[in-house]
Amino acid sequence: MSSAVSSQRVLSGMRPTGRLHLGHYHGVLKNWVRLQHEFECFFFVADWHALTTEYENPQKIEQAVWDMVIDWLAAGVNPGSSTLFIQSRVPEHAELHLLLSMMTPLGWLERVPTYKDQQEKLKEKDLATYGFLGYPLLQSADILMYRAGMVPVGADQVAHVEITREVARRFNHLYGREPGFEEAVEAAIRKMGKKQARIYADNRRRYQEQGDESALETARALVMDQQNITLGDRERLLGDLEGGGKVILPEPQALLTPASKMPGLDGQKMSKSYGNTISLREDPDELEQKIRRMPTDPARVRRDDPGTPEKCPVWEFHKVYSDEATCAWVQEGCTSAGIGCLDCKKPVIDAVQAELEPIRRRAEEHMRNPDLVRTIVSEGCEEAREAARATLEEVRSAMGLNYR
C-alpha cells in the first residue's frame, strides 16, 4: 500500500449514539455520500470511543450501533462504494494504539483542546481514566491503520488530525531508518535507470540544500511513476527525500467540512441533549406536529402583528430548505403580517417530509432485513481487517517485533 493509494483514501467514524437526526444528516452523512463516489472511503462505528465516556453503561452501545448503521444505509451510504465496519471488530486498532502509546509523549495528549473541554462538559462522569486520556491516540491509530490521506473533520476537530500527523512523523523518524537504510536507498535509485536516477538526485539536492518545494514535488512524482521498483523501495525514496526514513505511516490531511447549518427546533444546535431534534425516521404526523409547535418571533402575538424572520427559529429552517422565491415570500409576508406563522411553516414541513420520505422507506426495508445489515457490516469488517493487517505487519517489522 503506497502513499499514492493513501492520498485517495478517506477515513471517518462516528460514535454510536443510536438513531440519527437531521443535524447528523446535514453535518456528516450528506458529505459521506458525496465522498464515497470520489475517494476510497472507510466509515466506521467508533464503539471503543463510546466506551471512553460510557464505560459504566456499555449495555446501551449495542442497540445504538445497529440503529446508527441502519440510518447510514438509509441516508445513502453505499456498501458497494465504501467500506463500513465496527471498530471493535478490527482488533488491530487496539494493537496499533498500544504500540503507538509506547512512543507518544504524555504531554501531547494532555494538551489536546477537547481533553479539558470534555471533562468540563461531562462533569457528572468520572473521566479521570487512562482510556479517556488516550482517546486522541486511539483516533490516531484509527486513521494511521488505513494510511488515510484525508480525514473529514469540522474546524473543532483539526487538532486531532494534527496530533495524528505528529505521531506519524515521530514514528517514521524513530523506526523508518531500518539497518542498511542508506544502502537500500542507493540501490533503489540505481533501479530507476541512469537518467531518472540523475533527475531524482538533482531534485533531492535542490530541495534539501535550497528548500525548493517544486523540486520536492518533481522528485515525488518521479518516484510515484516508477514501475520497476518495489513498494518498500518507493516508500524508502519518499522518506529519503525529506531527510527522514521510510514512510511507514503517511501523515494525513484534514479535509475541512462545512459546519452543519441545521438548527434545532428551538433555534439552538440540533442535539438530543437539548430535546430539539427531528430524527431521520421521524413519523410523518409527529414531524408535522413538531414543526407546527416550533417557537416563532415573540413579537408576533397576534396574526396581524408584523415580525422579524431573523428572530425566528423557523427562518433558520427556511435557509436550509427553501429556494430564493420562498425566502423572499417569507420575508415580505412576515414583516408585513401578510402571512401567519402556520403559513410560514407549511413549506418547511413539505420540504422536510420530502427529504425524509425516501430515507424512512429505506430504513424500514433494512429494519425488516437485519441479517442483510449484519452481512454488510461483517463483509466491511473483513475488508477493513485485510487493510489493517497489512499496515500492522509493517509496523511490527519496523519496531523489530516480527521475530518468531
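A residue is taken as buried when its relative accessible area is under 20%. By this criterion, 49% of the 404 residues of the protein are buried. The structure described here is a predicted model, and its average pLDDT is 92, with 98% of the residues scoring at least 70. One stretch calls for some care: over residues 1–5 the pLDDT stays under 50, and the model has 17 contacts beyond four places in sequence for this segment. Where pLDDT is low, the predicted coordinates should not be read in detail.

Turning to the overall architecture, the protein comprises 19 helices and five strands. Its C-alpha trace spans about 85 × 45 × 40 Å along the principal axes. Among contacts with a separation of 6 or more, 77% are between residues 24 or more positions apart. The protein exposes about 19500 Å², of which carbon and sulfur atoms supply 51%.

Several positions of α10 are buried, including His160, Arg165, Glu166, Phe171 and Asn172. Val161, Ile163, Val167 and Ala168 are also among the buried residues of this helix.

Leaving aside residues up to four places away in sequence, Asp71 touches Arg19, Leu20, Leu29, Leu280 and Arg281.

Backbone torsions also deserve a look. Most residues other than glycine have a negative phi, and most peptide bonds are trans. Against this background, Arg147 has a positive phi, near 50°. Arg147 sits in the loop that runs between α9 (135–145) and β4 (150–153). With a relative accessible area of 1%, under the 20% limit, Arg147 is buried.

A positive phi, of about 65°, also occurs at Ala337, which is not a glycine. The loop that holds Ala337 lies between α17 (324–335) and α18 (341–368). Ala337 has a relative accessible area of 13%; because this value is under 20%, Ala337 is classed as buried.

Technical notes:
Residues numbered from 1 in each chain as written. Predicted model: local features only at pLDDT ≥ 70, side-chain atom pairs only at ≥ 80, totals over all residues. Heavy atoms only, no water. Helix = DSSP H or I, 4+ residues; strand = E, 2+ residues; numbered from the N terminus. Buried < 20%, exposed > 50% of the residue type's maximum accessible area, 1.4 Å probe, protein only. Contact = heavy atoms within 4.5 Å. pLDDT = per-residue confidence, 0-100. Areas by Shrake-Rupley, 256 points an atom, 1.4 Å probe, with all protein chains shown as cover.
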